[in-house]
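I opened the model to look up its strands, its cores and its cross-links. My notes follow in the order I took them.

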Amino acid sequence: MNRSHTLLVALTFAVFSASASAQFVKGNEAVRVSTTGERLVELAPLPSSGPIRKTKPCLAQAGCHAGPWHMVETREGLVECTEVYARAGTCRPSSYGTNKLSRIWVVKAGGQWSQCQFPDLGSKCVKVFAPPPTNLPYPAFQ
């Protein structure tokens, strides 16, 4: 194998590794690995009061979702959901990297739940449970 071929293989591997690692948010405290190697994932809790408790969720396959997709880490991996809370039926398998959609990333950092513009804690993030309008996220097509 010549040097240019080796370089091409290394670059290809680096590109695929970078795109694969972009499917999670580094520093997301909601995702941990136990001492036994089990993946432990915490989901944003539903508020104890308010209209969300009485509202029927928009199911991911129902076609009722008009806003950005919420990218949420679950025990099964990355999913796109119609809401922050990832209630049953509101999520579908991730199409990140395949389809460009308006997205926001749901993460836990510093003990607080946030919605970030990109899969990066350094991007524009707002606290999920902050009062409106300070909780309005910054979605981006990705």
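Is cysteine 116 buried or exposed? I found cysteine 116 buried, at 1% relative accessibility. I use buried for under 20% relative accessible area, exposed for over 50% and partly exposed for in between, with a 1.4 Å probe and protein chains only.

**Ground rules.** This is a predicted model, so I keep to its limits: local features need pLDDT of at least 70, side-chain atom pairs count only at pLDDT 80 or more, and totals for chains, interfaces and linings use all residues. Residues are numbered from 1 along each chain as its sequence is written, and side-chain values use heavy atoms, with hydrogens and water left out.

**Disulfides.** I looked for cysteine sulfur atoms within 2.5 Å of each other, which is the cut-off for a disulfide. The structure holds three. In sequence order, the bonded cysteines of the protein chain pair 1-2, 3-4, 5-6.

Cysteine 116 is bonded to cysteine 125, S to S 2.0 Å. The torsion about that S-S bond is about 110°, so the link is right-handed. Cysteine 125 is partly exposed at 30% relative accessibility.

Next I checked cysteine 81 and cysteine 91. Their sulfur atoms are 1.9 Å apart in a disulfide. Cysteine 81 sits in strand β4 (residues 77-81) and cysteine 91 in strand β5 (residues 91-93), so the pair ties together parts 10 residues apart in sequence. Strands (E, at least two residues) and helices (H or I, at least four) are DSSP runs, numbered from the N terminus. Cysteine 81 is buried, with a relative accessible area of 0%. Cysteine 91 is partly exposed at 24%. This link is right-handed, with 100° about the S-S bond.

Cysteine 58 and cysteine 64 are also joined, S to S 2.0 Å. Their link is right-handed, with 115° about the S-S bond. Cysteine 58 counts as buried at 18% relative accessibility. Cysteine 64 counts as partly exposed at 45%.

**Strand β6.** How many of the eight residues of strand β6 are buried? I noted seven of the eight in residues 102-109, so the strand is largely enclosed by the rest of the structure.

I then went through its partners. Two strands pair if DSSP finds at least two bridges between them. Strand β3 (residues 69-74) pairs with β6 in the parallel sense over three bridges. There, tryptophan 69 stands opposite arginine 103. Strand β9 (residues 140-141) pairs with β6 in the antiparallel sense over two bridges. Serine 102 has phenylalanine 141 in β9 as its bridge partner. Strand β7 (residues 112-116) runs antiparallel to β6, and five bridges join them. Tryptophan 105 stands opposite cysteine 116 in β7. The hairpin of β6 and β7 has two residues between the strands, and glycine 110 takes a positive phi near 60°.

**Salt bridges.** Side chains of opposite charge can pair when their charged atoms come close. My cut-off is a side-chain nitrogen of Lys or Arg within 4 Å of a carboxyl oxygen of Asp or Glu. I counted six salt bridges in the structure.

Glutamate 80 meets arginine 92 at 2.7 Å, N to O. Glutamate 80 is in strand β4 and arginine 92 in strand β5, so this pair ties together parts 12 residues apart in sequence. Glutamate 80 also meets arginine 103 at 2.7 Å, N to O. That pair links β4 to β6, 23 residues apart. Salt bridges with shared partners join Glu80, Arg92 and Arg103 into one network. Glutamate 80 is buried at 1%, and arginine 103 is buried at 0%. Arginine 92 is partly exposed at 22%.

A nonpolar core is a set of buried Ala, Val, Leu, Ile, Met, Phe, Trp, Tyr and Cys residues joined through side-chain atoms within 4.5 Å. The largest has 11 residues, among them Cys81, Val106, Trp113 and Val128. A second, separate core of seven residues includes Met71 and Trp105.

Last, I checked glutamine 115 in strand β7. Glutamine 115 is buried, with a relative accessible area of 6%. Its side chain makes a polar contact of 3.4 Å with the side chain of histidine 70. A polar contact is a pair of N or O atoms within 3.5 Å; within protein, one must be able to donate a hydrogen and the other to accept it, and residues adjacent in sequence count only if both atoms are side-chain atoms.
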